[in-house]
Amino acid sequence: MSLLPRTAEEFSSADYWERFFRKRGEKAFEWYGDYNSLCGVLHRYIKPRDKVLVVGCGNSELSEQLYDVGYRHLTNIDISETVVSQMKQRNAQRRPDLIFEQVDATQTGYESSSYQAALDKGTLDAMASEEEGALAGRMLTEVVRVLTVGGRYVCVTLAQEHVIKLAVEHFAEAGWAIRIHYLSQQSQDSDSSSFALPVFVLICTKFRQPPPFAVLEMCQGEDGAPYRLASVSELLSAIKERQAYALMLQKLRSGTDTLTTPSLTLCHAATGHPRYTLAVQDSLPSTKVPRANHFAIFIVPQGRESDWLYGSAEGRAQLASSAKFRRLIIVAMHRDQEYEDMQAVQSELSPMVMELAPPGMPDNLQVPFLSVGGDLGWREVVGRGVSDITGEYSVEDVRGEDGHLYRRLVFMNNTQLVQSESRLRPTTTSSSAHKKKSKKKSKPPATDAPASAGKGHTVDRGFLCCTHHEVMVAGLAILGTEAIKNKDVLVSVLVVGLGGGGLPQFMRDFLPGVRVEVVELDPAVLEVAQTWFGFQTDDRLKVILGDGLEHISTLASQGGHSYDVIMFDVDSKDPTLGMSCPPPAFVETPLLEKVCKLLTPRGVFMLNLVCRDSSLRQSVMERVQAVFPCVFSRPIEGEVNEVLLCSRGGGEGHKPSVVPQELQQAAKSLQAVLRNSSQNAPCTPQIDISAMLKNLRVA
C-alpha cells in the first residue's frame, strides 16, 4: 500500500505524517492492531482512573474506544497539526472530554510526575530511525519525567532490533521493571505484507528505588505467565526468535515450498530448554497425494534423529514422499527431556503444530500422528564430557530400528551427526564360548572388557556400524592373498582419526598379522573410546596423540618409516565447507605426496570422502589421481560417503581399466582369516568382504 513509509527514516518525518494523514483523510489507520486485539493487555496495565498520556496518537480509534469503555482521562498528543484537527472535529460532539493537542513528544511541557501511564502505539518505532536513535531517546527521557512512581510506559511495537534495544536499555539503566508481551501476528492485507510482523507490547514500570537486580520478563499472549530472563541480550534474543517464527508461519501459510525445509525448536516454557525440533517438509508437486491427505505429523523415535531418513534433507524429502501427505511435520525429541508416551506427546504438540498447516486445509480436519511402531523409541545418556577442541559431547545408548542397542558419541555443536557408533551385545553371552571349558568363575578376557558397567551390555567388537569402515577392512584385500595369509610378516597400518576406535580395534582383534597405529588429535576422544567403546591398546594397537597432518609430515621428513596401509577417517569441523570429510588440508597435493612416500611398494591409501560439492569432489579426485595411478572408488549406498582405495598399481602411468579379478580371490582369503581368528574369540566378525568389494569401480 503506497501510504506506508517507503523507508524507515520516513517514520520520523513530520512532513511525511502530514502528507500521510492529508492523503488518508479520516479513515483510521490500525496496522499495529486495533482495540480488540490490544484491549486485553491494555486493561491489565492501565486502569480507567489513570491519567494517561497517549504519545503520537495519529488518527487511531484506540483512544476513542478506550474512552467509550470508561477511560476518561486521556491526553492525546501528535506532531501533525492535520491529524490533531481531524481528531478534535471527529470527537467534539460524542467525546467532549477527550483531549487532542499538537505537542512535540520530546518536550511536552507537562508537569513532572503528572501521569500514571503513557501509551505509545508505533511512535517509538517511528522516531527510533531518526538521528541514530537520539530523537527516540529524548522522547523516552520525557516519558520518564512525566510519569509518576508506579507509572507505566505501555508501548505497542513491532520490536525491530534497533528500536527495542534502544528502549529496553534506556529503561533497564534507569532501574525500571521491563515486561514484554508477544501477541499473535496481526492480519495484514496483501499490500502490506512487508509489515507482517508480530506485535509486541512493552511495559516499563517506574520504581521509587531501582531494584538490586534487573527485572526482565517475557509473556506469551495477553495473559501468559511471565518468565524471567537474566540479561537484556537474552530478552532481545527471545524477541528475535518469535519474530523469526512469525515470519516462517507467514511463509508456510502462503504456499508450499519443496526447495527448503524450514525448522524451528520448541522449548519448555518453564525452563527454556529445547524440547522438540520441527522440520516442515512439503511433498514435490509430482508426488501423487490422496486428496484427503493434507497434513500429518511424524514423530521420530528417540535416538534416531541423526539417521539419514530423518537427519538429512534428502532423507526427509524421501520420508514425505513415501508418507504421501502435502505437508509433513517431522518432529525430533531432545535428549535430557522426559516424554511420558505417544498420547502425551500428541497432546503437547497439537496446539502448536496446527499453526504450521498448509494453506487451503479444511477446518476441523483430523490430523494424524505417524511414528515407527507406534512408540517413542528409547535413549539413555550414559556419559557426558567436554573436549577442549570440540566442546561438549554426549555418549548415549539408543535402540535401533532392528531392535539392537547401539552406543553413540554425539558432539553438542552438531547434534545431527553421530561421531561414532558401536552395537552393544548382552554381557551374558560374552563368556558362552568358555563355559564348556571351565565352570569356574573367571574374569572376562582382555578382549571382552565391558565398555561400561551398566545394564549388562558391552560393545560388540565384531560388528562395524559404518559401511565405510567395512569397505576399508575389505580394502585390505588389495594387498594380495600372500600378504593376507603370511602371519610371519606383519601388515603395518596407520589410521588418522580414532573416533570410538571400532575400526582399528576390529583389525587388531580379528587380523592376527596386522599392527595398527592411530593418530588422534583430541585426548577427550581417546578417553571416550577407552571408557565407553571398549577400545584397548596393546603392543599391536597404539595411539599417538597429535595432529595427523604434522605426524605424517614428520614421518616423511625423518625417513625410515613405511606402512602397508594408511587410512584417513577424519571429519572437518567447519560445517560451511562442501566437504565434511576429510578437512581440505588432508587432500592437498603436498600431503598426498608424503602419504605416497610413506607407503610400501604394495601399499594402499584409503580415504573416506564425504563431499556434496560436485566441483570440489572433482578437484579432489584430480589431485588424488595425479599422485596415485591406481584409484578405486566404492560409493556407500544411501550416503554421500565414498571410500577411495589408492595405490601405485603397476607403476607410474599404469592406470587399470577394470577391477582386477584376483581381488575376489584375495577377498576370500581375507574372509577366511577373519573366520579362523574368531574361533576362540568372544564375538564373531560380522562382515562380508566380497559384498563390500562388489560395487568397487575404477575412479
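Predicted model: local features only at pLDDT ≥ 70, side-chain atom pairs only at ≥ 80, totals over all residues.

**Exercise 1.** Carry out the corresponding analysis for glutamate 132.

Solution. Glutamate 132 has a positive phi near 55°. Its loop runs between helix H5 (123–127) and helix H6 (134–146). With a relative accessibility of 84%, glutamate 132 counts as exposed.

**Exercise 2.** Characterise the peptide bond between cysteine 581 and proline 582.

Solution. Omega is about -5° for this bond, which is cis. Most peptide bonds are trans. Proline 582 is located in the loop between strand E24 (579–581) and helix H18 (589–598).

**Exercise 3.** How are the axes of helix H7 and helix H8 arranged?

Solution. Two packed helices are described by the angle between their axes and the distance between the axes. For H7 (residues 161–173) and H8 (residues 232–254), the axes come within 11 Å and cross at roughly 150°. Angles over 145 degrees count as roughly antiparallel, and H7 and H8 are therefore roughly antiparallel to each other. The crossing is right-handed. H7 contributes Glu161, Ile164, Lys165, Val168, Glu169 and Ala172 to the contact, while H8 contributes Val232, Leu235, Leu236, Ile239 and Lys240. Classified by residue type, the contact comprises 7 nonpolar, no polar and 4 charged residues.

**Exercise 4.** Is strand E17 buried or exposed, and with which strands does E17 pair?

Solution. In strand E17 (residues 405–411), 7 of the 7 residues are buried, so the strand is largely enclosed by the rest of the structure. Leu405, Arg407, Leu409 and Phe411 point one way, and Tyr406, Arg408 and Val410 the other way. Strand E16 (residues 391–399) pairs with E17 in the antiparallel sense over 7 bridges, and aspartate 397 has arginine 407 as its bridge partner in E17. The hairpin of E16 and E17 has 5 residues between the strands, and glycine 403 in this hairpin takes a positive phi near 90°. Strand E18 (residues 420–426) is joined to E17 by 4 bridges and runs antiparallel to E17; here serine 420 stands opposite leucine 409.

Terms used. Residues numbered from 1 in each chain as written. Heavy atoms only, no water. Helix = DSSP H or I, 4+ residues; strand = E, 2+ residues; numbered from the N terminus. Buried < 20%, exposed > 50% of the residue type's maximum accessible area, 1.4 Å probe, protein only. Axes fitted to C-alpha atoms, helices over the stretch in contact; angles between N-to-C directions. Parallel < 35°, antiparallel > 145°, perpendicular 65-115°, else oblique. Left-handed = near helix turned anticlockwise from the far one by under 90°. Contact = heavy atoms within 4.5 Å. Nonpolar A, V, L, I, M, F, W, Y, C, P; charged D, E, K, R; others polar. Pairing = 2+ DSSP bridges.
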